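Let's take a friendly walk through a protein model together. Have a look at the picture first, and then we will go through it step by step.

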Amino acid sequence: MQAEQLAGFAWTFDVVHPDPQRRQTALETERMYQEEWSRLSSQARVVHQRVGEHDQLSAAMRDAYDLMFAAPVWHYMTSDAPAAQLAPFARHAVLYLRWETEFPAEWAEHAKSWTAKRLLLRALAEHGPTVDTHGDLLALVDAAVRREHRCEDLGYVKVARTLHEPSVRWLVEAALGHPDPLVGLRAGYVNWALDHPAAPVTPATWRAWLRA
């Protein structure tokens with residue numbers, strides 16, 4: 001996928017728009033693309049032994065997929081291109097995480113994938129923030145610390161290590177005094193991870209930190 005193609009994905013940012021109608025229009029667009037891909041996929045299974053027809057349908061499936069919300073997201077987290085080349089796609093990677101955070105029910109209906117979330121957080125931690133994504137990533141880390149734990153949220157700790165450390169420390173300090181003790185514990189673990197940048201961030205180290 002080329003960065004020039006991203007101009008056609010401006011509509012995707014409406015999945016987190018505060019106006020319900022704007023969100024609904026974006027969801028309907030995504031549903032239309034998903035249904036077209038599914039229709040072509042079903043046809044391709046029927047004609048899989050007719051090579052020429054199957055090849056045509058496979059090409060049409062690729063074209064349909066290239067219009068879907070997932071296209072720039074999966075490109076970001078699976079491409080082996082250098083970080084500089086992937087930077088234009090980072091906003092779409094972060095958008096996927098914003099969608100899950102801000103409108104979890106709509107995200108779950110249209111785009112839920114814990115594998116995608118895990119791989120995205122890993123890729124974001126590897127490539128680091130861009131000027132366009134740093135603020136959103138700070139907000140996502142803060143949200144992950146303060147909400148009830150969700151699957152793959154641990155990946156945000158690795159992302160936190162790549163952000164402006166004084167800003168992360170400020171968020172952590174504020175969360176340490178939260179009335180919910182679990183929020184304080186999650187903030188404390190982020191603080192520990194910042195203090196020990198070479199330490200692995202895993203469920204095992206989380207449990208060990210809790211025992212300590």
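## A residue in a loop

In which loop is E152 found? E152 sits in the loop between helix 8 (134-146) and helix 9 (155-160). Keep in mind that you are looking at a predicted model.

With a relative accessible area of 25%, E152 is partly exposed.

## The whole chain

Now zoom out. The chain has 12 helices and 0 strands, and its pattern along the sequence reads α-α-α-α-α-α-α-α-α-α-α-α. The C-alpha trace spans about 60 × 35 × 30 Å along its principal axes.

Of the 212 residues in the chain, 41% are buried. The accessible surface comes to about 11300 Å², and carbon and sulfur atoms contribute 56% of it.

## Aromatic pairs

Next, look for the rings. A pair of aromatic rings is described by how far apart the centres are and by the angle of the planes. The structure holds 9 aromatic pairs. One of them joins Y189 and W192, which are stacked at 5.5 Å centre to centre with 20 degrees between the planes. Y189 and W192 are 3 residues apart in helix 11 (residues 181-195), so about one helical turn separates them.

Y189 also pairs with W206, this time edge-to-face, at 5.2 Å centre to centre and 80 degrees between the planes. Because Y189 lies in helix 11 and W206 in helix 12 (residues 203-211), this pair ties together parts that are 17 residues apart in sequence. Are these two residues buried or partly exposed? Y189 is buried, with a relative accessible area of 1%, whereas W206 is partly exposed at 24%. Elsewhere, ring pairs link F69, Y96, W99, W107 and W114 into a cluster.

## A buried histidine

Finally, find H75 in helix 3 (residues 70-78). H75 has a relative accessibility of 18%, so it counts as buried, the cut-off being under 20%.

Which residues does H75 touch, not counting those up to four places away in sequence? They are M1, L86 and F89.

Terms used. Residues are numbered from 1 along each chain as its sequence is written. This is a predicted model: local features need pLDDT of at least 70, side-chain atom pairs count only at pLDDT 80 or more; totals for chains, interfaces and linings use all residues. Side-chain values use heavy atoms; hydrogens and water are left out. Rings of Phe, Tyr and Trp (its six-membered ring) pair if their centres lie within 6.5 Å; planes under 30 degrees apart count as stacked, over 60 as edge-to-face and the rest as tilted. Helices (H or I, at least four residues) and strands (E, at least two) are DSSP runs, numbered from the N terminus. Buried means under 20% relative accessible area, exposed over 50%, partly exposed in between (1.4 Å probe, protein chains only). Contact means heavy atoms within 4.5 Å. Accessible areas come from the Shrake-Rupley method with a 1.4 Å probe; for residues, only the protein chains shown count as cover.
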